[in-house]
Amino acid sequence: AVSETRDESSRCQTTTMRYEHVTATSTLVDDRPWLLHWHTQAGCQELAGSAGLAVRSMRTPRGAHAEEHDQAFVAVVVRSVGG
């Protein structure tokens, strides 16, 4: 990682990653952005639905039921009925 910027309000983080390919005769260096966007539980449910999936449950990272206000969660998704 070469650099990193984080925008809490837009829920995005961009990390500039440097990739190098070294051979006996040359070196190719390329910096590429890696965009990470984190979602709310409602946004995650919308994304799942648009992909033909349904959220079966929302869990905390420790496995308990996630409350609506929890920012860290794991979505358990299944194929939608008829999807």
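Modeller: A salt bridge is taken here as a side-chain nitrogen of Lys or Arg within 4 Å of a carboxyl oxygen of Asp or Glu. The model is predicted, so local features need pLDDT of at least 70 and side-chain atom pairs count only at pLDDT 80 or more, while totals for chains, interfaces and linings use all residues. Residues are numbered from 1 along each chain as its sequence is written, and side-chain values use heavy atoms, with hydrogens and water left out.

Colleague: How many salt bridges does a search of the whole structure find?

Modeller: One of them joins the side chains of E8 and R6, at 2.6 Å from N to O. Another joins R32 and D30, at 2.8 Å from N to O. The search of the whole structure gives a total of three.

Colleague: Which strands do D31 and R18 lie in, and how many residues apart in sequence are they?

Modeller: The side chains of D31 and R18 form a salt bridge of 2.7 Å, N to O. D31 belongs to strand 3 (residues 27–37) and R18 to strand 2, so the pair ties together parts whose separation in sequence is 13 residues. Strands are DSSP runs of E, at least two residues long, numbered from the N terminus.

Colleague: Is E8 buried or exposed?

Modeller: Buried means under 20% relative accessible area, exposed over 50%, and partly exposed in between, with a 1.4 Å probe and protein chains only. E8 has a relative accessible area of 51%. E8 is therefore exposed.

Colleague: What is the relative accessible area of Q13?

Modeller: Q13 lies in strand 2 (residues 12–22). Setting aside neighbours within four places in sequence, its contacts (heavy atoms within 4.5 Å) include W34, L35, L36 and W38. Q13 is buried, at a relative accessible area of 12%.

Colleague: With the side chain of which residue does the side chain of Q13 make a polar contact of 2.5 Å?

Modeller: A polar contact is a pair of N or O atoms within 3.5 Å; within protein, one must be able to donate a hydrogen and the other to accept it, and residues adjacent in sequence count only if both atoms are side-chain atoms. The side chains of Q13 and E4 are joined by such a contact of 3.1 Å. The contact of 2.5 Å is with the side chain of R6.

How values were computed
Helix = DSSP H or I, 4+ residues; strand = E, 2+ residues; numbered from the N terminus.
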